[in-house]
Amino acid sequence: MAREKSKKGGAPKPIWMFTFSDLVTVMLTFFVLVLSMASLDREYIQEIVTVFQQDTGFLTPKTAGRLPDEFVIIEDVLENPWEILEKEDRIKDLLFPEEELPPEISKSTLEENLEILMRPEGIALMMTGELLFPFAETRLQPQARQILDQVIPLVKAWPAPVNVAGYTDNIPGIHMDNYEFAAERAMAVMEYLLINDVEQHRLSVSAYGEHFPVGDNETEEGRARNRRVEILLKKTPDTYM
């Protein structure tokens with residue numbers, strides 16, 4: 001077998017030992033690289049989690065653990081619309097825990113002025129004007145902002161577009177016509193969503209005035225239901241522009 005003498009003298013080394021030494025060096029480099037990549041993966045994953053928590057804003061100790069339940073139950077309703085009657089109270093409890101309601105709004109007031117409705121396009125959170133606005137006004141009252149704060153995490157995370165629609169009863173408006181009044185109330189809700197970092201391209205606004213009533217305009221209770229804003233969570237992801 002061919003041999004080569006050492007530069008310092010001594011017994012010659014087999015040539016294969018040089019090849020083996022190179023192979024060991026390459027393998028050592030490979031394992032060091034793999035180890036570095038594993039560390040990088042852990043750091044990268046941790047960074048992604050941190051950024052996700054910062055960007056979404058709803059993964060906080062206060063709301064953690066509730067949002068997934070909200071998603072599951074609402075998605076179930078979208079897939080099985082006939083279940084909405086039996087799950088409406090559960091959705092309300094998840095979205096509006098009693099301990100987080102404004103002092104001015106009791107649980108019974110919320111029950112009377114908020115409904116979960118099925119629409120052809122998705123599921124609508126219907127809030128009456130009494131819950132959101134001072135009488136005959138289009139600016140949000142302070143407790144309305146606290147109510148909307150409970151909805152915003154769901155709106156932010158919803159994977160499809162969201163529409164905010166305003167409605168009125170059939171009584172002519174005091175200061176403006178019913179379409180304009182409905183539009184300004186819907187815009188007030190949408191603007192609040194926007195200033196709380198809901199993406200603009202995901203939102204749209206509609207005004208239907210006295211059309212599509214949900215209550216009887218011949219009664220005061222029915223007219224109160226018709227004066228409302230609906231936040232529609234659509235079930236299909238339209239193409240964003």
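Buried means under 20% relative accessible area, exposed over 50% and partly exposed in between (1.4 Å probe, protein chains only). This is a predicted model, in which local features need pLDDT of at least 70, side-chain atom pairs count only at pLDDT 80 or more, and totals for chains, interfaces and linings use all residues. Residues are numbered from 1 along each chain as its sequence is written, and side-chain values use heavy atoms, with hydrogens and water left out.

View 1. Strands (E, at least two residues) and helices (H or I, at least four) are DSSP runs, numbered from the N terminus. Two strands pair if DSSP finds at least two bridges between them. S4 pairs antiparallel with S3 (residues 114-119) over six bridges, and Ala124 of S4 is the bridge partner of Leu117. Two residues lie between S3 and S4 in their hairpin.

**View 2. The open sheet of five strands.** The strand order is S3-S4-S7-S5-S6, with mixed pairing. S3 and S6 (203-209) are the edge strands, each pairing on one side only. S7 (residues 228-234) pairs antiparallel with S4 over seven bridges, with Thr128 opposite Arg228. Six bridges join S7 to S5 (residues 162-167), also antiparallel; Asn163 stands opposite Leu232.

**View 3. Helix H6 (residues 142-157).** Buried residues of H6 include Ile147, Leu148 and Val151. H6 bends by about 35 degrees at Val151, and Pro153 follows within four residues; the bend is the angle between axes fitted to the seven residues ending there and the seven starting there.

Technical notes:
The expected span of a helix is 1.5 Å times one less than its number of residues.
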